[in-house]
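Thanks for coming, everyone; I would like to take a few minutes on one structure and go through its surface and its metal site. Please have a look at it before I go on.

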Amino acid sequence: LQQTEEVEVFSTPSYACQRRTTLDNHNAVLTDALSLLAENAELSGEDGRGVAFRRAAAALKALPLPVTRLTQLGGVPCLGGHSLRVIKDVLESGASPEVEALRRSERFKALKVLTGIFGVGVKTAGRWIGEGILTLRQLRDSGPTLNRAQRAGLRHYDDLNRPVGRAEAAAVAAVVEAAAGSVLPGARVTLIGGFRRGKQTGHDVDFLITHPEEGREAGLMPKLVSWLDSQGFLLYQKTNSNSYLEAAEGPARPASNMDRFERCFSVFKLPEEAGRGGAGAGGEGGPRPWRAVRVDLVVSPVSQFAFALLGWTGSKLFERELRRWAGHEMNMCLSSHALYDHRQSRYLRASSEEEIFAHLGLEYIPPSERNA
Ligand code: DGT
Ligand code: MG
């Protein structure tokens, strides 16, 4: 009699927005490898390949146990040949030669360092690498012209590449709440992004601001920014104004998810308090009295609040999958402003995330389970 070991065969729905993905990832070794390949594709301008690896990683993140054999993956969607090869290598020998080579690659390292500068995108980084600039030192020495965002990014490079903790996020929240309360009494500030999903750290802190009375939020962002600036909280800011208008005939460009909210990309000067993990910020001179933190502010009219909340809570892949589900499975168009039903030729209103999931024919997934 041949003894066969019991191994569970996994299966999971194909859209990330149909799955519950907590932060408890049982397959981090595999998903780290696939995420690195995704990152490399994105840094090389190959977004399609990037999404394919992100989807593969997300499918594994949703599994209830560690994968030990390839044969368990029969019912797991989104695993293409390339991803399966990487998974096989990791399962059999603990590592993927392709991923290990990538980790050591000078080009990948340079792309990571340069795009790690706030304000530097893939194209700029690629151009600099073509000019022989691979490190921050080389960038500082050879001095290509930097814009205002990039100068701030370079100046605060170490701070902005140090993860932001929950206590720091709460401290930023207190400042933003004071600002909003002062310039528009009754304004509501909500922490969004990764922290709303329960992450312990983030690369930035994201906030959505609204007012319960429609229209009162208009013009709020400039006032907010000028209050923050006058109190000395801003090291950098760039504000985009709201340009979203609903058209009677439906969304003009259904595929577009460009944000048209009042939005501010900023770098906060956050005072460091004792006990908040300020050590390490100051290097040799001892702890500095403040650190730089990336903060994103978004203002939404209350009529669009639920859509904005859903659209800015993430994860990025979860958002992308929600929009794909809406388009491909429901013939609807979802954005951070609205949901348009092409069959009925009308916008579907919602005042909560639960209602939006219901419109989409999806089971409600709470923020802590959107970590795809
Ligand atoms: P983090 O900050 O790296 O810990 O992780 P997240 O999930 O907070 O990511 P982040 O801060 O880049 O973005 C927060 C969420 O907001 C993200 O999951 C998707 C959404 N988001 C970010 N940028 C845009 C945008 O330009 N348009 C739209 N519609 N959504 C965006
Ligand atoms: Mg964030």
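On the surface, Arg-148, Arg-151, Arg-155 and Lys-238 gather in a patch of positive charge, where a patch is made of residues with over 30% relative accessible area and no salt bridge, like charges being joined within 9 Å. A salt bridge here is a side-chain nitrogen of Lys or Arg within 4 Å of a carboxyl oxygen of Asp or Glu. This is a predicted model, in which local features need pLDDT of at least 70, side-chain atom pairs count only at pLDDT 80 or more, and totals for chains, interfaces and linings use all residues. Residues are numbered from 1 along each chain as its sequence is written, chains are lettered from A and ligands numbered from 1 in the order in which they are written, and side-chain values use heavy atoms, with hydrogens and water left out.

Helix α8, residues 148–155, gives the most to the positive patch, with three residues, and helices are DSSP runs (H or I) of at least four residues, strands (E) of at least two. Arg-155 lies in helix α8 and counts as exposed because its relative accessibility is 58%, given that exposed means over 50%, buried under 20% and partly exposed in between, with a 1.4 Å probe and protein chains only.

Turning to the metal, the magnesium ion (ligand 2) is coordinated by Asp-204 (OD) and Asp-206 (OD), at 2.0 to 2.2 Å; donors are N, O and S atoms within 2.8 Å of the metal (3.2 Å for Na, K and Ca), and water is not among the atoms, so the site may look incomplete. Asp-204 is buried at 7% relative accessibility, and Asp-206 is buried at 11%.

Terms used: Patches are made of residues with over 30% relative accessible area and no salt bridge: like charges are joined within 9 Å, nonpolar side chains (Val, Leu, Ile, Met, Phe, Trp, Tyr) within 5 Å. Accessible areas come from the Shrake-Rupley method with a 1.4 Å probe; for residues, only the protein chains shown count as cover. Lys and Arg count as positive and Asp and Glu as negative; His and the chain ends are not counted. The place of a charge is taken as NZ of Lys, CZ of Arg, CG of Asp or CD of Glu.
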